[in-house]
Amino acid sequence: MPKETKAPQFEKLPAHIAIIMDGNGRWATARRLPRMAGHRAGTENLRRIIKACVRFGINYLTIYAFSTENWKRPEDEVQGLMQIMGDVLEKEVPELNEQGVQLRHIGRLEQLDPRTQKKIRKAIDMTRDNKRLILNVAWNYGGRDEIVHAMQKIAAEGIKPDNITQKVVSDHLYTTGIPDPDLVIRTSGEIRVSNFLIWQSAYAEWYFTDTLWPDFGEDSLKKAIEDFSARNRRYGGRKPAEENEKYAG
Ligand code: FPP
């Protein structure tokens with residue numbers, strides 16, 4: 001079948017999608033492969049999903065790639081993931097740049113080894129004027145840690161308690177200036193938040209799927225967006241009266 005060339009039209013398009021890319025290890029185990037093969041396949045899939053987001057017209061994509069808790073994994077897996085990040089930064093950034101992707105980092109950059117920090121800063125600098133898709137890479141990121149970091153900055157700036165509003169907190173998070181995610185996707189059947197964007201996802205729609213991350217391709221993303229399109233977001237408000245009428249019997 002020829003590849004679909006025209007981008008699908010959705011009734012409602014989320015401006016910001018965030019993804020917990022889970023299940024690389026199980027994908028590899030199911031094939032009797034080492035875990036790193038799963039992470040490499042997950043990285044390949046990430047390329048597909050970035051391309052799909054550009055095609056669909058998504059403005060912001062945030063991916064959970066390495067959490068502040070992932071340091072607890074065996075040393076060889078941690079090093080393997082750092083190696084993948086280094087390779088991606090070296091080899092993939094020119095193509096991302098061509099696609100109009102602006103790369104950003106969220107998390108504790110200063111705790112990464114200086115060479116990785118340098119590569120990340122270079123990639124951010126190279127893509128800073130791109131406007132098609134803003135890609136936030138959460139690397140050494142934790143939601144609680146982000147909030148602590150924001151509080152430390154607020155205190156250091158001497159902002160008085162009465163002046164600390166929700167906007168002030170949002171403005172001190174790593175995601176400052178970026179709208180909150182509309183849709184958060186978690187693959188691999190786990191139904192947990194796992195410390196991801198805990199402030200920003202307060203009103204997000206969540207989508208959980210059993211599909212393992214390396215298998216979550218463009219069609220799966222399309223399905224998740226269609227599911228999102230059909231939802232009625234109320235932000236704590238009410239359903240329209242006529243919708244409640246259905247329950248009147
Ligand atoms: C979760 O699967 C996945 C991760 C902890 C790593 C995600 C990283 C990538 C896809 C690498 C590419 C990212 C960048 C930005 C270079 P898991 O290992 O927890 O899977 P399991 O639960 O099946 O064991």
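Trainee: Which residues in H2 meet H3?

Mentor: A word first: this is a predicted model, where local features need pLDDT of at least 70, side-chain atom pairs count only at pLDDT 80 or more, and totals for chains, interfaces and linings use all residues. Numbering runs from 1 along each chain as its sequence is written, and side-chain values use heavy atoms, with hydrogens and water left out. Helices (H or I, at least four residues) and strands (E, at least two) are DSSP runs, numbered from the N terminus. With contact meaning heavy atoms within 4.5 Å, Glu77, Gly80, Leu81, Gln83, Ile84, Asp87 and Val88 in H3 are met by these residues in H2: Arg35, Met36, His39, Arg40 and Thr43.

Trainee: Are H2 and H3 roughly parallel or roughly antiparallel?

Mentor: H2 and H3 (residues 75-91) pack at an angle of about 25 degrees, with their axes 10 Å apart. That angle makes the two helices H2 and H3 roughly parallel. Axes are lines fitted to C-alpha atoms, for helices over the stretch in contact, and angles run from 0 to 180 degrees between N-to-C directions. Under 35 degrees counts as roughly parallel, over 145 as roughly antiparallel, 65 to 115 as roughly perpendicular and the rest as oblique, so the answer for H2 and H3 is roughly parallel.

Trainee: Which word describes how H2 and H8 lie to each other?

Mentor: Here Ile49, Ala52, Cys53, Arg55 and Phe56 in H2 meet Glu218, Leu221, Lys222 and Ile225 in H8. The axes of H2 and H8 (residues 218-229) are 9 Å apart, at an angle of about 50 degrees. Their relation is therefore oblique.

Trainee: What is the relative accessibility of Glu218, and what does it count as?

Mentor: Glu218 is found in H8, and its side chain makes a polar contact of 2.8 Å with the side chain of Arg55. A polar contact is a pair of N or O atoms within 3.5 Å; within protein, one must be able to donate a hydrogen and the other to accept it, and residues adjacent in sequence count only if both atoms are side-chain atoms. Buried means under 20% relative accessible area, exposed over 50%, and partly exposed in between (1.4 Å probe, protein chains only). Glu218 has 16% relative accessibility and therefore counts as buried.

Trainee: Which residue's side chain does the side chain of Gln200 join in a polar contact?

Mentor: Gln200 sits in the loop between strand E5 (183-186) and strand E6 (205-208), and it counts as buried because its relative accessibility is 3%. Leaving out residues up to four places away in sequence, Gln200 touches Tyr141, Glu146, Leu173, Thr175, Asp180 and Pro181. At 2.8 Å, its side-chain partner in the polar contact is Thr175.

Trainee: How many Å apart in space are Gly100 and Ile134?

Mentor: Gly100 lies in the loop between helix H4 (93-98) and strand E3 (101-106). It is buried, with a relative accessible area of 11%. Although 34 residues separate Gly100 and Ile134 in sequence, their C-alpha to C-alpha distance is 8.7 Å.
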